[in-house]
Amino acid sequence: MPDVFADLVGQDEAVVELRRAAAAAAAVLRAGAAALVPAGPASGNGSAADDAATGGLDPAAGMTHAWIFTGPPGSGRSVAARAFAAALQCVHGTGCGECPGCHTTMGGSHADVRLVVPEGLSIGVGEMRALVLRAASTPSGGRWQVVVIEDADRLTEAAGNALLKAIEEPPPRTVFLLCAPSTHPDDISVTIRSRCRVVPLRQPPAAAVAEVLVRRDGIAPDVAQWAAAAAQGHVGRARRLARDPEARKRREAVLAVPRRLTGVGAAFDAASALIEAAEAEAEASVTEADTTERAALETALGAGGTGRGAAGAIRGAAGQLKELEKRQKSRATRAQRDALDRALVDLAGFYRDALTMALRAPVAPVHTDTATLAGAGAQKWDAEGALRRLEAVLACRAAIEANVKPRIAVEAMMLALWKG
Ligand SMILES: [Zn+2]
């Protein structure tokens, strides 16, 4: 097994910072120090300047109790958090990948690392309280109790408050690692943010993504390069494109849009096709999870038996099923938006290629397989026309983000793309 940070693609600065913190954490253990330096607002962004501010003398200066990993989708937030957890449990260094601490953490079986993935079922306050309580116990391995919360932006408000209490007065050997798209108040509360050190991840370069696809997933180099460029820095999407023929087919359908726009009717048809493709993709991605969750909940409710708790359980059952359906519906909506957004990003890539060709900019195309078509567009539209079309796609994304009905936004975009 290679070093635990090997799969964190194109994030060299973050890796340096995390290794330094893991080394500082190990020094704290060696010194038998009681507590770490809190991450207050003053040391909130984890920059080198902060370490300078603390003089770099305190071995705990590089390590804090609460962290937030932020970055665009596919940049590797949860990969970073898990690798850091392993580095903290590493008994040989800062994430050697070989020792039992690294192995069990990466494999998900380390007794002192808890991974919370609020997929669909968001983390409620009860679960969070139990988690915080367990996280306060002495680490059985003698190092750190680490709690990784993926999608911390999906905490309920009450759960967030329970977490905040723990972060405000952290037990000496407990570390919280949160993952969220950004530190915007919509994603993470300002008070939690103010207690955490932030590790911003960036969109990894295509070459780095291709390298990991070849090394880790055994994908042929030419396919990996194509997929990494086409996925525009999204590691998971690059892997899907390289491996899943259905994902490739959906992408090809999206990139066929520009040549299908021959009139008003065709523009509306293209809009319908794009929306329906996104719906189909979203449905495929959530149906299985929905069925599994519902079966699990029904089993749990049905297992109530005839004991004293049974009457209460039955009363609560209808409410719980309703709550589950509500969450599944919101997840389906989110999956649709995500699928549509991926399609729009692909389409934007095509017009971006046309624009860079019209400008004769010395950059590689995003979509090598439609480069000829983009070149033809560049000749026909010039830079200005290509830019207007690129802007129409980006405006559509912004409109959907601002809650304009997707069909209306996509129809307006298709008309704009056709008219130029
Ligand atoms: Zn190790």
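This is a predicted model: local features need pLDDT of at least 70, side-chain atom pairs count only at pLDDT 80 or more; totals for chains, interfaces and linings use all residues.

Colleague: Okay, so which residues are buried in H4?

Modeller: Gly 101, Cys 102 and Thr 105 of H4 are buried. They span an arc of only 95° around the axis, so they sit on the same side of H4.

Colleague: Why would residues a few places apart point the same way?

Modeller: An α-helix has 3.6 residues a turn, so residues three or four places apart point the same way.

Colleague: And what do the buried residues of H4 pack against?

Modeller: They pack against H3 and strand S2, which is 113–116.

Colleague: Which exposed residues are on the face turned away?

Modeller: Pro 100 and Gly 107 are the exposed ones there, on the face of H4 turned away from its buried side.

Colleague: Switching topic: at what angle do H3 and H4 pack?

Modeller: About 155°, with the axes of H3 (residues 77–89) and H4 (residues 100–107) 8 Å apart. Anything over 145 degrees counts as roughly antiparallel, so that's what H3 and H4 are to each other. Their crossing is right-handed.

Colleague: Who makes the contact?

Modeller: From H3, Arg 82, Ala 83, Ala 85, Ala 86 and Gln 89; from H4, Gly 101, Cys 102, Thr 105 and Met 106. By class, that contact has 5 nonpolar, 3 polar and 1 charged residues.

Colleague: Last one: what follows H4?

Modeller: Gly 108 does, and its phi is positive, near 80°.

Key
Residues are numbered from 1 along each chain as its sequence is written. Side-chain values use heavy atoms; hydrogens and water are left out. Axes are lines fitted to C-alpha atoms, for helices over the stretch in contact, and angles run from 0 to 180 degrees between N-to-C directions. Helices (H or I, at least four residues) and strands (E, at least two) are DSSP runs, numbered from the N terminus. Angles under 35 degrees count as roughly parallel, over 145 as roughly antiparallel, 65 to 115 as roughly perpendicular and the rest as oblique. A crossing is left-handed if the near helix is turned anticlockwise from the far one by less than a right angle, and right-handed if clockwise. Contact means heavy atoms within 4.5 Å. Ala, Val, Leu, Ile, Met, Phe, Trp, Tyr, Cys and Pro count as nonpolar, Asp, Glu, Lys and Arg as charged, and the others, Gly among them, as polar. Buried means under 20% relative accessible area, exposed over 50%, partly exposed in between (1.4 Å probe, protein chains only). The arc is that of the directions from the helix axis to the C-beta atoms.
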